[in-house]
Amino acid sequence: MPLPEKIGFIGTGAITDAMVRGLLAEPAAVPHVMVSQRSADVSARLAADFPQVLVSGDNQAIVDGCDTVVLAIRPQIAEEVIRPLKFRDRQKVISVIAATSREALLDWIRADVRLSQAIPLPFVARRKGVTAIYPPDADTAVLFNVLGNAVECETKAEYDLLAAASALMATYFGIMHRTTEWLAENGLPEEKGRAYLAPLFASLSETAIFVGKDADFIDLSREFATKGGLNEQVFEDFERNDGIEALRRALGRILKRIEQ
Ligand SMILES: NC(=O)c1ccc[n+]([C@@H]2O[C@H](COP(=O)([O-])OP(=O)(O)OC[C@H]3O[C@@H](n4cnc5c(N)ncnc54)[C@H](OP(=O)(O)O)[C@@H]3O)[C@@H](O)[C@H]2O)c1
C-alpha cells in the first residue's frame with residue numbers, strides 16, 4: 001500500500017506537530033504536507049523546519065489539496081470545524097479526535113469517505129509510537145507503521161480498550177516520580193534516582209518486546225521475582241494492599257468514560 005502523496009492536517013497542535021515531524025524526519029516518508037495555520041506558532045515552526053510543509057489559513061483548501069486528511073482538533077469544536085467542509089467521495093480521512101464516534105464524524109462529513117480513527121501518541125515524532133487504528137485499513141496502517149507500529153482493531157470495543165490502556169501513561173511516570181521522591185526522602189539525590197529509574201524501566205519494556213509472544217507478562221513477572229526475594233515481596237505487598245484492584249477499577253472507570 002502506498003503512502004499518501006499529499007497529506008493535510010486540520011488543526012496544528014501537539015499531535016499534528018508530532019506526526020508531521022515523524023513523517024518528515026530523514027528520509028521523509030511523504031513528499032507534501034499541508035497544515036492549517038492554527039496554531040500559528042506550531043505551523044510556522046513546521047514550515048521553517050521542513051520545506052515540504054505548506055501552511056494554509058483555509059481548511060477547505062487543505063481538504064481540496066490533499067488525498068489524505070487528518071482531523072486533529074479538539075472534540076469540543078470538532079462539529080463546527082468539520083460540518084462546513086466539503087469532502088470528496090472515496091477521500092481518505094483519518095480522525096485522531098478523542099471521544100468522538102465514527103457515526104458522529106460521518107454525519108458531520110456527509111460524503112462517502114474512507115474514514116479511519118487512530119490514537120497516535122507523542123512518540124510518533126521519533127517514529128516510535130504505537131497507534132491503535134479502527135477499523136483495520138491497509139493505507140492507515142502503512143502510515144502509522146512509518147511512525148512506529150500500527151495496531152489494527154477489528155471492533156470498536158477493541159479500539160476503546162486500547163484507548164483505556166493508553167490512559168496509563170501519566171500513571172507510569174507518576175510511579176517513577178513517587179519512587180524518585182521516596183528515594184530522595186531517604187537520602188538519594190533526585191538526579192541519581194532519575195538516572196537509575198528511566199533506564200531500568202526502559203530495559204523492562206525492551207525485554208517484553210524482545211521476548212514477544214514467547215512469554216506472557218506474568219511469566220516475566222515471575223522470572224523477575226526470585227522466590228523469597230525483593231521483587232516478589234514488593235509485588236505481593238502491592239497486591240495485598242489493593243494495588244491491582246485500584247488499577248482494575250481505574251481502567252474500568254476510564255473505559256466507561258470512553259464508551260459514552
Ligand atoms: N496530544 C496527544 O498526545 C493526542 C493523542 C491522541 C489524540 N489526540 C487528540 O487529537 C486532537 C488534537 O489534540 P492536540 O493535543 O494536538 O490538541 P491541541 O494542541 O489543542 O491542538 C488542536 C489544534 O486545533 C486548532 N484549531 C482550533 N480551531 C481550529 C479551526 N477552526 N481550524 C483549524 N484548526 C483549529 C488549534 O489552534 P489554536 O491553538 O489556534 O486554537 C490547535 O492547534 C484532540 O482531539 C486530542 O484528543 C491528542
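This is a predicted model: local features need pLDDT of at least 70, side-chain atom pairs count only at pLDDT 80 or more; totals for chains, interfaces and linings use all residues.
Reader: How many residues surround the ligand, and which are the closest?

Author: The ligand is surrounded by 24 residues, and the closest are Gly11, Gly13, Arg38, Ser39 and Ala98.

Reader: And how do the residues of that shell divide into nonpolar, polar and charged?

Author: The shell around the ligand holds 15 nonpolar residues, together with seven polar and two charged ones.

Reader: Which helices each supply at least two residues of the shell?

Author: Those are helix H1, which spans 14-24, and helix H4, which spans 75-82.

Reader: Going back to Arg38 and Ser39, what is the peptide bond from one to the other, cis or trans?

Author: That bond from Arg38 to Ser39 is cis, with omega near 0°, and Ser39 itself has its place in the loop between strand S2 (32-36) and helix H2 (40-49).

Reader: What about the bond that joins Tyr134 and Pro135, cis or trans?

Author: Tyr134 and Pro135 are also joined by a cis peptide bond, where omega is about -10°; Pro135 lies in the loop between strand S7 (129-134) and helix H6 (138-146).

Reader: New topic: what is phi of Arg110, and where does Arg110 lie?

Author: Although Arg110 is not a glycine, its phi is positive, at about 55°, and Arg110 lies in the loop that runs between helix H5 (102-109) and strand S6 (114-119).

Reader: Why does Arg110 count as exposed?

Author: Arg110 counts as exposed because it has 12 C-beta neighbours inside 10 Å, and the cut-off for exposed is 12 or fewer.

Reader: And Arg127, where is its place, and what is its phi near?

Author: Arg127 has its place in the loop between S6 and S7, with a positive phi near 55° in a residue other than glycine. Arg127 counts as partly exposed, because 16 C-beta neighbours are found inside 10 Å.

Terms used: Residues are numbered from 1 along each chain as its sequence is written. A residue is near a molecule or strand if its C-beta atom, placed from the backbone, lies within 6 Å of it. Helices (H or I, at least four residues) and strands (E, at least two) are DSSP runs, numbered from the N terminus. Ala, Val, Leu, Ile, Met, Phe, Trp, Tyr, Cys and Pro count as nonpolar, Asp, Glu, Lys and Arg as charged, and the others, Gly among them, as polar. A residue is buried if 20 or more other C-beta atoms lie within 10 Å of its own, exposed if 12 or fewer, and partly exposed in between; C-beta atoms are placed from the backbone.
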